[in-house]
Structure formats: C-alpha cells, structure tokens
Amino acid sequence: MPRYLMGFDMGATKMLCAVLDDTNKIIVKNKVRTKGSGNDEIFSTICRCIDDCLAKLAPDSPRPDGIGIACPGPIDEVNGIVQSAPNVGVEDFPLRDLLEDRYAVPVRLENDVNAGIYGEFVAGAARGRQHVIGLFPGTGLGGGIIIDGKLYAGATGGAGEIGHMTVQTDGRICGCGGYGCLEALASRSAIAKDAVAAAAGGDAPTLYAEIGTDLKKVTSGVLKRSVDGGDVVVKRIVERAAYFLGIGMANCVNIFNPELIVIGGGLVEKFGSEYLGVAESVMRERAMSSLAGTVVVSAAELGDYATVIGAAARLSDKLETAKSTAKSSAGAPKK
C-alpha cells in the first residue's frame, strides 16, 4: 500500500492542503480562506482545512502518515514553533505540538519559501538539478537555496533572505528597516506603490478605472490588465522591477554559481517572458561571464501547490532520516 503524506501551506489570504502519494502526486486537495487572527483562530482554520481535505479521501484510502506545514516568517523547527507571522496573525505559535496532539502523526514545520523551491526541486522546474536558486517576488521577495541537492538553511535556519540584499545604496526603505533592499524595489508590493502613485497622478488611466488608488487591490492580474490597456507608465514600472530582480539574480550567480534560477509568483505567471526576459538579460550583463554563461533561468511550474508539495517532501526527508537512524541503531553491536 502506498504511503500518503499531507502538505499544507499556511498563507495570509488562503490556506491550501493536499494529500500526496510517494511520487508527489496529489490525491485530494482543499482550500479555505484564512479567517480570523490570533493563534487559536488560525489553528481552528488550519484544522478545518485539514479535516475537509481528509474527508475527500476514499473510505479505503490510507490516512496520511504525517503533515508537513509551510509557514511564513521565521520558525523554530527544533521546538516546532512559528515565531512570528504578522500577516497571518500568529506569534509564538506551538503549531507542531498542537497538530501532533490532534492528529497523532508526525509534523514538520518549514519556511514557506524554502518549501516552495523544494517543491520545484522534487517535482517541478528544478527536478534533476543539484544547485538551484529560487526567487519568488510577491508581497515580499522570498528566496530559497539548493546546494548539492539539499536545501541550504544556514547556521541558524535563516538562509535565503535574498530579498534583503542591498541592490541600491540609499534606496527606498524596506519593511525590514533597511534601505535599497531587493524586496523594496522588485516585489509586487513595490510595483503596486509606484503604480498607484501613477494612477493618482493621472498617468495610468486603465489602472485607475479598475481600482482607483486602492493599494490592496493591486494584484499581478490587475497590473497585467493595466499594461495591456495601454498604461505605458505601469509597463515601465514593471520593467524597472524586473531590472532590479536581474541585479539580484546576478549577485546570486556570482556568489553561488547555480546551474538554475527558478522564478515564481504571480508576476511571472501573468507577464511571462515579457517580465522574465528583462530580468534574465540584466543578470547576464552583470554577472561574471564565466558563471552567467552556464546558468539557466526558468519560470516555476507548480504554481500555488509548489509549497504544499515541498512541505510534504521535507517531512518525507525527515521520516526517512529517522528510519535510517533507527535501522543503524538497531544493527549496531551492543557494548
């Protein structure tokens, strides 16, 4: 009988979960809107999403042997705590123990961006590669690093904050408090701020007609419709963000020498090569030629479920490691 695992993405606007088999094929999936705030309300929403997903399994299907859950913000994996995720509304959230108590299966927490690139690594655009950088411009700009076929976490688990490398000295302020961060110049949020300012000034009539100056309504789809509707200023704003993304990509190429850079998120999905081409061109101009000539740039393939698949795969790795350790211990000679 195949082994099933559950992957879960704890997002600020929606929560996704799926039961996957041992080939990373999704068997059943579920999605709910993220409602409420605070540890108790968010835990209730997580459980509802999981319970509804499990209810979709056939009566004779195996139950998942564990849950891998991807969370935004910093996590304490050793103790199973989401330290702070203000966009979701939780802090010091002992999620692993709560889920293990409720469902009586092992649970592993992972950063959501790390889970996303790992999903692409095991089942998407990065499958078969060993040295990969993942960049995901959205509300922020997350990054993930695969070295020698393994997710690189760094000394304290915080590696991959590529969005907070400085790409413009004394540039605009970032949410982290720094200035000139890649995230502050290349994220969808950065594009949205400039686009809304253009709409308010009368330079983006298509955008203004759709959303006025409501920053919260700016999605990648809204930006694409604005550009397609003739808002030349918005087109330039998107291209400028892609330019800075390319600078960040060049820095990653020079530091890590990856064989592949995967770019994911709504901007890539909506604008495609129109956006990705600018970023890649800048990267190849600015990175060392000996390194830029060997790297491939690709759009992510798995969409929203990359994170779900990656979270389940990270749990699978942990279970396999535990199994191997137990087997080695059992076979060791007694002293």
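Which residues in H1 meet which residues in H2? I started my notebook with that.

**Entry 1: ground rules.** I am looking at a predicted model, where local features need pLDDT of at least 70, side-chain atom pairs count only at pLDDT 80 or more, and totals for chains, interfaces and linings use all residues. Residues are numbered from 1 along each chain as its sequence is written, and side-chain values use heavy atoms, with hydrogens and water left out.

**Entry 2: H1 and H2.** I noted that helices here are DSSP runs (H or I, at least four residues), numbered from the N terminus. On the H1 side I found Phe43, Ile46, Cys47, Ile50, Asp51 and Leu54, and they meet Leu95, Leu98, Leu99, Arg102 and Tyr103 in H2. Contact means heavy atoms within 4.5 Å. By class, this contact of H1 with H2 has 9 nonpolar, no polar and 2 charged residues. For the classes, Ala, Val, Leu, Ile, Met, Phe, Trp, Tyr, Cys and Pro count as nonpolar, Asp, Glu, Lys and Arg as charged, and the others, Gly among them, as polar.

Next I looked up the geometry. Two packed helices are described by the angle between their axes and the distance between the axes. The axes of H1 (residues 39-54) and H2 (residues 95-103) come within 12 Å and cross at roughly 40°. That angle makes H1 oblique to H2. I wrote down that axes are lines fitted to C-alpha atoms, for helices over the stretch in contact, with angles from 0 to 180 degrees between N-to-C directions. Angles under 35 degrees count as roughly parallel, over 145 as roughly antiparallel, 65 to 115 as roughly perpendicular and the rest as oblique. The crossing of H1 and H2 is right-handed, a word used if the near helix is turned clockwise from the far one by less than a right angle.

**Entry 3: H5 and H8.** I found these two packed at an angle of about 160°, with their axes 10 Å apart. H5 and H8 are therefore roughly antiparallel to each other. H5 passes H8 in a right-handed crossing. From H5, Ile191, Asp194, Ala195 and Ala198 meet Val233, Val234, Ile237, Val238, Arg240 and Ala241 in H8. I sorted the contact of H5 with H8 into 8 nonpolar, no polar and 2 charged residues.

**Entry 4: H8 and H10.** Their axes come within 7 Å and cross at roughly 40°. H8 is oblique to H10 for that reason. The contact includes Lys235, Val238, Glu239 and Ala242 of H8, and Glu274, Tyr275 and Val278 of H10. Its residues divide into 13 nonpolar, 2 polar and 5 charged.

**Entry 5: the cavities.** How many cavities of 30 Å³ or more does a search of the whole structure find? I got 2. A cavity is a set of points, on a 1 Å grid over the protein atoms alone, where a 1.4 Å probe fits but cannot get out, and lining residues have an atom within 4 Å of a point. Grid points are joined across faces, edges and corners, and a volume is the space filled by probe spheres set on the points.

The largest cavity holds about 50 Å³ of space. Val227, Lys235, Val238, Glu239, Phe271, Glu274 and Tyr275 line the largest cavity. H8 (232-256) and H10 (273-286) each supply at least two of its lining residues, and H8 gives the most, with 3.

The second largest cavity holds about 30 Å³. I listed its lining as Leu185, Ala190, Ile191, Asp194, Ile237, Arg240 and Ala241.

Conventions: On a 1 Å grid over the protein atoms alone, a cavity is a set of points where a 1.4 Å probe fits but cannot get out, and a pocket is an open set with protein on both sides within 12 Å along at least five of seven lines; lining residues have an atom within 4 Å of a point.
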